[in-house]
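Here is a short briefing on one protein chain. Keep the sequence and the 3D view open while you read.

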Amino acid sequence: MSIDNITPEQWDSMSYVQNKEQKMNPIIEKEDETKEPQWERKNTGKPDVSLVPSEYILGAARALSYGAEKYSAGNYLNGDGMPTMVVYASLMRHLMAWRAGEDHDDESGLLHTDHIGANLAMLVDLIDKDKGTDGRF
């Protein structure tokens, strides 16, 4: 079987075996369900990013890409960073438009939820990087 034709289910059950030259080659084999796994991974306490819906990520990426073309990529981080209340105001405008029954932003044609995701990502990034004036009351 070609590695290019592997389904997600097959990736999940894939094990790696060494060939005679001791090079690592991916080979799909049926795992012996009775044997303990030979691998170990220490993920305790780490966030499970697989829980973040892919459509949320893709929607935010669509709106961030739109913004990158309109302004520039990472524009909100330039200089001291965009004031957090500017990002918050944009997030709330899109949230209120969605709440009022609008699905798509008139200017971009993208979903308001795409813009909400992008604005939330920018707000989190500004806070994480300690950039932008914190304008909360």
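Predicted model: local features only at pLDDT ≥ 70, side-chain atom pairs only at ≥ 80, totals over all residues.

The mean pLDDT of the chain is 85. The largest nonpolar core holds six residues, and the largest pocket has about 580 Å³ of space.

**Confidence**
- Of the chain's residues, 76% reach a pLDDT of 70 or more.
- Residues 15-25 have a pLDDT below 50. Beyond near neighbours in sequence, that stretch makes 15 contacts in the model.

**Nonpolar core**
- The members of the largest nonpolar core are Tyr76, Leu77, Val87, Met122, Leu123 and Leu126.
- Helix 4 is the biggest contributor to this core, with three residues.
- Val87 touches Met122, Leu123 and Leu126, all listed among its contacts beyond four places in sequence. Met82 and Asn119 complete that contact list.

**Largest pocket**
- The lining of the largest pocket is made of 24 residues. Closest to the centre are Gly67, Tyr71, Ser90, Asn119 and Met122.
- Three helices each supply at least two lining residues: helix 2 (54-70), helix 3 (84-99) and helix 4.
- Helix 2 gives the most to the lining, with six residues.
- By residue class, the lining has twelve nonpolar, eight polar and four charged residues.

**Aspartate 114**
- Asp114 sits in helix 4, which spans residues 112-128.
- Is Asp114 buried or exposed? Its relative accessible area is 4%, under the 20% limit, so Asp114 counts as buried.
- Beyond four places in sequence, Asp114 is in contact with Gly59, Ala60, Arg62 and Ala63.

**Tryptophan 98**
- Trp98 lies in helix 3.
- Trp98 and Ile116 are 18 residues apart along the chain. Their C-alpha atoms are separated by 9.4 Å.

Methods. Residues numbered from 1 in each chain as written. Heavy atoms only, no water. Helix = DSSP H or I, 4+ residues; strand = E, 2+ residues; numbered from the N terminus. Buried < 20%, exposed > 50% of the residue type's maximum accessible area, 1.4 Å probe, protein only. Contact = heavy atoms within 4.5 Å. Core = buried A, V, L, I, M, F, W, Y, C linked by side-chain atoms within 4.5 Å. 1 Å grid on protein atoms, 1.4 Å probe; cavity = no way out; pocket = protein on both sides within 12 Å on 5 of 7 lines; lining within 4 Å. Points joined across faces, edges and corners; volume = space filled by probe spheres on them. Nonpolar A, V, L, I, M, F, W, Y, C, P; charged D, E, K, R; others polar. pLDDT = per-residue confidence, 0-100.
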